[in-house]
Amino acid sequence: MTQYRVVGTRPVRPDGSDKVTGRAVYGADVYLPGMLHGKVLYSPYAHARIKSIDVSAALAMEGVLAVVTGADLPPMTTDEIVQLGESAIGTRYMRDMILARDKALYQGHAIAAVAATSIHLAEMAVSAIKVEYEVLPPVLDVEYAMRPEAPLLHEDLTTRSLGQATGRHSNIASHMRAERGSVEAGFAEAHVVVEREFRTTMVHQGYIEPHAATAQVTADGHYTVWTTTQGSFAVRNCVSQVCGIPLGKLRVIPTEIGGGFGGKTQTYLAPLAVLLTRKSGRPVKLVMTRAETFRSTGPTSGAYIRLKAGARRDGTITALAGSMAYEAGAFPGSPVGAAVNVCFTPYKTDNLRVDGYDVVVNKPRTQAYRAPGATNIAFAAESVIDELAEKLGMDPLAFRLKNAVREGDLNTWNAKLPVIGLVQLLRAAMESEHYSAPLSGQNRGRGVAAGFWGNWGAVSSVHMVFNHDGSINVVEGSVDIAGSRASMAMLVAEELGIPFDQVNVTIGDTEMVGFANETGGSRTTYATGWACVKAAQNAIDNLRGRAALMWECATDQVEYIPGKGFISTADAEKLLTLREICAKMNATGGPVYGVATINAGGGAPAFAVHIADVEVDAETGKVDILRYTALQDVGTAIHPAYVEGQIQGGATQGIGWALHEGYVYDEQGNLKNANFLDYRIPTALDVPMIDTVMVEVPAPNHPYGVRGVGEACIVPPAGALANAIHRAVGVRLPNLPMTPEQVCMALVAKAEAK
Amino acid sequence: MARVWIPSLMRDLTAGDASVVVAGATVREVIANLERAYPGCQARLLQPDGEVQAHIAVAVDGEVPVMGLQAKVGQNSEVHFIPPMSGG
Amino acid sequence: MPKSLIIATKLNGQPVQFLAEPRQSLLETLRDTLHLTGTKEGCANGNCGACSVLLDGRVVNSCLVLAAEAAGREVTTVEGLAESGKLNTLQQSFLEHAALQCGICTPGVLIAAAALLEQVPHPTEEEVRQFLAGNLCRCTGYDKIVRAVIDAADRMHPEVTQP
């Protein structure tokens, strides 16, 4: 275990004091002179043809300075696929999502936007826009959407597949299959087989800060956008494509961000703000309401899942099979590919067949939500694995350990897994105090679940420059959602051997720093941190050159001892501290920089294992969580408090997903619970303290062994709670959320079956 | 020579083989050679304009290279065609 | 355009006067008129607590209070919790415990926690969770928030913890 000086400690984050005093500037906190307020007209219908849009009454209102519709988007020439935010989506689909063209495809689909001198005037102007709709029957269920008789959302959509092209028009946008060996042979060999179907409901990332964007343009056509986003470069790409603005004429400045979890990798308001500022000539600010955030931005998929697992009497899994259909929302691009990828990854098998279907429905186009696709499928897979273990009479962790994948075993796509920590995690769980603590009392049970997430690497850019007193200013382009600025400073301080508070980290906008992929996919400490380390090493090399200049020797005769200074291998007397070299920077050639860009590739994968103790009220169906432990392989914890925080936060979102949260639609496709009362995210009363156990199996390719931590923690909770409820009251719930109503109905059904 | 893992739905083109060995210094060359040995593969993997289909990502030795079809493929590389995946 | 009212109130200890339309909420005027953007809008219908302020010492959702209702009363926002340029014990405790991640709920949570510690110098974990149940946090899972509040209480009133 490497001993670090700064890494592994818990310094106070540099942006902290502004965040506890209300000074920090978030998306809605931007105010510019002469600013107009924008509002958006959203479709009230889930599925409708747009026959006409009449904005004349709105435009005629005093104080209304601009109105835009889909007709204001520059004409499309090609149907290029652009990798934007983190979901692949046809450029045409994306423009149609930003502002509807000829069809409204979900309640909350943006139809028009206005800019006015006050927010209240803007709201009134939106009401004055007359839209003629031809209402069409909505498709609201993924199973129905796949049937041949279901209405089609897109007349030109055919199923993409690596199989034979059928050319058949369908709501199934794509079909994929992962396979090896023979599942038929594997099931034939099994002594115990479990086959189940599951249904999960659409859920929202639930960030407390709604979307916001402010745009202004100079008289010579240079745009600036301030927005709350997980990726300023992704916003720049989107606005450039949608509004027809060259990248060099468009600056995107990220404000502080009040939560994203994947939902702010796609921008909805920035293109509208830009169109409105272009038309009105004045800065325009748009801020979503909570209801608009629920209706108009991307939640994650509900799904229909069928899984089958078989094992021999000795506990060896012989075959794993499954089929899953994920709701993409109005345009193709659900996370079903990742679902197929993670479904059974923790378990070794020679016989595997998993089918995934990406299906469009009349709901908002889904966006990433923390390990997109994984929570739904892990709920199903971990329930099935648990049932298998139970039928075999094996301890659920021991069963998982017996079948756990190790380095070199195959993932779903038949690629070899690298160094991973699942075995260590399962052992840590089995040896944990929680797992051996007695749990007595009526209707109480303990459940476990595992989870996997691949994580991401991708591109980051960093530059840093020394001040004359030896302190250093670092600029990087990764939006800081939860304290990553501090981790970057810690890595630089560690590399340079200087105190943490001598490192300033600024989050640069798109004109200050090179491209960075968005903050998400558990990539920031991994990839941007790696770039910071490389930039610090580059800075040291440059400083060594300055020392060589001052000592009139060769650079390769100069060494840097972090914490001590620069020494000469040719002359033991020579020593220059960092501060001394920096004081003389101007004389030796000017300020000293360190620069690095990185494409960190695919990222280092992570596993998680959770243990949950619950008590079920058999009368009301309420599930109380008595105790919760989240174990996770974190590689190396740079700032342990923030790693713990990620695990606790992800676990809590998973708990909400498991027990309380879900979109409720009526038959017309109206979202009934677009508010925080009826869309029920966990409150402080709904969760206990979340104990975390960080197992460190360093990622071998990363200079500090970092693994992304933000996502793996949301994968196991639903499965752990489902298994705990079963052990508490003897019912296996097949649907999410496992509300008190669901629990009661299952208990009643169980009693009636007796 | 690279080992190319054939997605299950494409194994009708390779007489059921789950992996085949194919020459090529870049991903593009590998796909072209795959097409020569097993006609029909290219149409399933690439769009008419020569770019990779939207619902696929190409992985070389476990990673999706940013160079895409231009990415180098080594002597003992493994190539997989997988769905695109994202984080949140 | 509706005629504005002149609202005279005490804000973070200082007397202020500002214009407000009858339909404007206290939240809207704090942010858009008085330039105090520390108080946040998360839902505008009293369900998330991000807009929490103290009105005559009592925690309210400022999105549910009309600006006009603040007339003649005392309003405390997050900006008024400590002297300018300083942090109070609660704020310091939040930073040390890493009790915030994105920070958007933090102003509201601090207001509610400050009010709690005024009333209950040594709250139990249960009492803290009960009192903060009206403040939604999506990032932290509440664990470190609860620990930070209890630790702040111990530091603010150490004499009571001595046996």
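Two residues are taken to be in contact if their C-beta atoms, placed from the backbone, lie within 7 Å. The structure before you is a predicted model, in which local features need pLDDT of at least 70, side-chain atom pairs count only at pLDDT 80 or more, and totals for chains, interfaces and linings use all residues. Residues are numbered from 1 along each chain as its sequence is written, while chains are lettered from A and ligands numbered from 1 in the order in which they are written.

I begin with chains A and B. Here 40 residues of chain A are in contact with 25 residues of chain B. On the chain B side, strand S4 (residues 78-82) contributes the most, with four residues; strands are DSSP runs of E, at least two residues long, numbered from the N terminus. That side of chain B comprises 14 nonpolar, eight polar and three charged residues, where Ala, Val, Leu, Ile, Met, Phe, Trp, Tyr, Cys and Pro count as nonpolar, Asp, Glu, Lys and Arg as charged, and the others, Gly among them, as polar.

I turn now to chain A. Seven strands form an open sheet in the order S3-S7-S1-S15-S12-S13-S14, with mixed pairing; two strands pair if DSSP finds at least two bridges between them. Strand S3 (64-69) and strand S14 (250-254) of chain A each have a single partner strand, so one side of each is left without a neighbour in the sheet. Within the sheet, strand S12 (residues 212-217) and strand S15 (residues 284-287) of chain A pair in the antiparallel sense over four bridges. Thr214(A) has Lys285(A), in S15(A), as its bridge partner.
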